[in-house]
Protein chains: 2
Amino acid sequence: MSPDRVRRPTLDTIAREVGVSRATVSNAYNRPDQLSAGLRERIIKTAKELGYAGPDPVARSLATKRAGSVAIMLCDGLSSAFSDPALCIMLDSLASTVDSPDRALLLLPGVGDAGPRAENVMRAQTDVVVSYSLPDDAPALAAVGERNLPLVVVDQPVLAGSARVQVDDFGGALLAARHVASLGHRRVAMLGFSLSADGHRGPAGPSRISAGHFRVSLDRISGYLKGLAEQGIVTDEVPLWEAPGSVRELGREGARWLFGLRPRPTAVLCMSDELALGALRAAEELGLAVPGEVSIVGFDDTPAASWANLTTVRQDLVEKGRQAGELALRMLEGARPVRPVTIGVDLQVRGSTGPARR
Amino acid sequence: MSPDRVRRPTLDTIAREVGVSRATVSNAYNRPDQLSAGLRERIIKTAKELGYAGPDPVARSLATKRAGSVAIMLCDGLSSAFSDPALCIMLDSLASTVDSPDRALLLLPGVGDAGPRAENVMRAQTDVVVSYSLPDDAPALAAVGERNLPLVVVDQPVLAGSARVQVDDFGGALLAARHVASLGHRRVAMLGFSLSADGHRGPAGPSRISAGHFRVSLDRISGYLKGLAEQGIVTDEVPLWEAPGSVRELGREGARWLFGLRPRPTAVLCMSDELALGALRAAEELGLAVPGEVSIVGFDDTPAASWANLTTVRQDLVEKGRQAGELALRMLEGARPVRPVTIGVDLQVRGSTGPARR
DNA sequence: GAGCCTAACTGAAGCGCTTCAGTGATCGCC
DNA sequence: GGCGATCACTGAAGCGCTTCAGTTAGGCTC
């Protein structure tokens, strides 16, 4: 029934065969300078012959007390995570920063909108975890705390005892808002993603905003409103559509609603490029000229944004990933969390924004 | 200097504190039916008080001889991997298939175009590995073999002793080619991705094709040519541009070259939707009407394809991931590799193809 | 109340490796 | 030629957990 997997050779097998101690075989693999080249060669050769593939990673981990992986906790499932280009770029950069022969990336995808299950976190073989944009009250975060694992938080939330990398969301949104306001727009709308992890989709008023759990959303909204208020725009009347995810299709839906308002907004501030791309499509479908009749601003500056000639707020995603990776490595070495690292932003003005019509 | 991390409690600590044996504490966590509810409760409570977060995952793995993770080997780095929507969808489906409280996903991204380093594979704590679209001669595959780990191959390559999931690439390409041929196109071009892992970019002739290492590319080319040949098109004269990756920008570049040929092709068969999207853009930039002057066909049917109204070959990516996941689970239980699972394809005719001009 | 069962718990043997304090032997040096 | 240093290697103590063959006590049956 059960597969008769041949009992694999262990360190011991090799040691006995060559006639040396286990310590020596171990050294052959991990500290070549601890034995003579000749012996080492003999050991490796015997190992090959016996089909020994080197020290067992798990046993090694137990003995060294290093799991040899950095875990990444994501908010949603993989498919929505990976359809977020901003995340992908940042993740790639993070991965290559922490890359090393004995370190792997452990992926802990979220279930629904609430992050990974606590159970998975409790059982994860990892030394340090990086959380990306989780809601403040995610059970996974509590689990990390319970296990006493070092934690690096990206974007969200603010948590005592953890290192943090964040983007100047407020500042970026401010830039975007000032930009459209200075172009003369007075009727401005906002198109954003989740405020809380409840899958809400639709217009969101002040009460919903103030009850929000996602710092990124909240900061961007504050930035937008601040920038508009500076130019004397009455911020109570700035409509916001909350999409349950940062996906084109959802952006398009929200934009359709915004464009249906009377008086129609002449500018839409979008919290991500993906949402903005959806808004662009909605405008096209409704026959609204961009930027003639409506201006659209994104956030992130992903490759798709420049592809679509979208004005957007640029954040240095590669730098963000690198910083997160370095923090993770430093915490691995036992460093105390340092002060949060903030990644700067700037505005990329392209063809999707223009002066408001008189 | 070093952080005085308090020595964490172990199973033993709890056992001593409660006054029971280690076995019993272990059972409290893993086999609740092996002890009385009262005692179990007392144990858990004491554990909480002492800050014990449950059995150490690594030690547990050593004792049970299960690493508790499935590893995924990718061809390239994360950012190019994740910008491939087809991969993301399939990966998400795979992840949710194998998901369980004590199983995580170990990511082994490739370095360059050649897959993960063998070293990383040798040290990965995993029970089973899934490889996605690696070149036949990737060192990572040899490493998996050396470690004697069960392997599930997706799309590529054909390897003895491994389970396999593949798409009917040949059949899909055949459908695409027949479609354009039946619309009357005679001058047809192909826009594909890598034939070998050498980063080549540019036109590729028969000799390069026959020296290719990526089965997916080769099968699709065969399918295209077969479909065209059926309609009497001279396949020696069908131009192929090889892009070093499945990315829009590269597709655009290739399409520009193809559109510059004289006589100009009236249809382009693209090996992925991303490449096709690039071709669409190239056509737009050159003022070529789609499908009036040129027809374009993609492959995969990602969300972006329907978004762009692209005619394309649909493969069931969710099913593909699910099958790969199930194979992985089955091999985990010691099953012998079964015959390869083939995922079917069909043609999604949309607005990017039309009759050839007379 | 003897005999048998079951539930509840224990002891000890691993799992496969790393590491550190030694132990001899060899070497260089004056 | 004697002495300390260096080199090459070993023994044994863990790392923290699971598991399996017992053991014990209590309950049930006739």
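Within strand β13(B), Val345(B) is the bridge partner of Gln315(B). The model is a predicted one, in which local features need pLDDT of at least 70 and side-chain atom pairs count only at pLDDT 80 or more, while totals for chains, interfaces and linings use all residues. Residues are numbered from 1 along each chain as its sequence is written, and chains are lettered from A and ligands numbered from 1 in the order in which they are written. Helices (H or I, at least four residues) and strands (E, at least two) are DSSP runs numbered from the N terminus; two strands are taken to pair if DSSP finds at least two bridges between them.

The pair Gln315(B) and Val345(B) belongs to an antiparallel pairing in which four bridges join strand β11 (residues 311-315) of chain B to β13(B). Both strands are part of an open sheet of seven strands in chain B, with the order β7-β8-β6-β9-β10-β11-β13 and mixed pairing. Its edge strands, each pairing on one side only, are β7 (202-203) and β13 (345-348) of chain B. Helix α9 (residues 169-182) of chain B lies across β6 (188-192), β9 (267-270), β10, β11 and β13 of that chain, and runs at about 30° to β13(B). For this angle, axes are lines fitted to C-alpha atoms, for helices over the stretch in contact, and angles run from 0 to 180 degrees between N-to-C directions.

Strand β3 (residues 128-132) of chain B has parallel partners in β1 (residues 69-73) of chain B, through four bridges, and in β4 (residues 151-154) of chain B, also through four bridges. Five of the five residues of β3(B) are buried. A residue is termed buried if 20 or more other C-beta atoms, placed from the backbone, lie within 10 Å of its own, exposed if 12 or fewer do, and partly exposed in between. In a regular strand the side chains alternate between the two faces of the sheet. Accordingly, Val128(B), Val130(B) and Tyr132(B) point one way from β3(B), and Val129(B) and Ser131(B) point the other way.

Between the chains, 45 residues of chain B are in contact with 45 residues of chain A, contact being defined by C-beta atoms, placed from the backbone, that lie within 7 Å. On the side of chain B that touches chain A, at least two residues each are supplied by α4 (57-64), α5 (78-82), α6 (85-98), β2 (104-108), α7 (118-123) and α8 (139-147). The largest share, seven residues, comes from α6(B). By class, this side has 24 nonpolar, twelve polar and nine charged residues; Ala, Val, Leu, Ile, Met, Phe, Trp, Tyr, Cys and Pro count as nonpolar, Asp, Glu, Lys and Arg as charged, and the others, Gly among them, as polar. Strand β2 (residues 104-108) of chain A runs antiparallel to β2(B) and is joined to it by three bridges, with Leu107(A) opposite Leu105(B).

Chain B can be laid on chain A with an RMSD of 0.1 Å by a turn of 180° and a shift of 0.0 Å along the axis, which is the relation of a two-fold axis. The C-alpha of Leu106(B), 2.3 Å from the axis, is the nearest to it in chain B. Superposition was by least squares on the C-alpha atoms of residues with pLDDT of at least 70 in both copies.

Around DNA strand D there are 26 residues, of which Leu35(A), Thr10(B), Leu11(B), Ser26(B) and Ala63(B) come nearest; a residue is near a strand if its C-beta atom, placed from the backbone, lies within 6 Å of it. Two or more residues of this surface come from each of α2 (22-30) and α4 (57-64) of chain A and α1 (11-18), α2 (22-30) and α4 of chain B. For DNA strand C, Thr10(A), Leu11(A), Ser26(A), Ala63(A) and Leu35(B) come nearest among 26 residues. The surface near DNA strand C has twelve nonpolar, nine polar and five charged residues.

Cis peptide bonds join Arg262(A) to Pro263(A), with omega about 0°, and Val290(B) to Pro291(B), with omega near 5°.

Methods: Contact = placed C-beta atoms within 7 Å.
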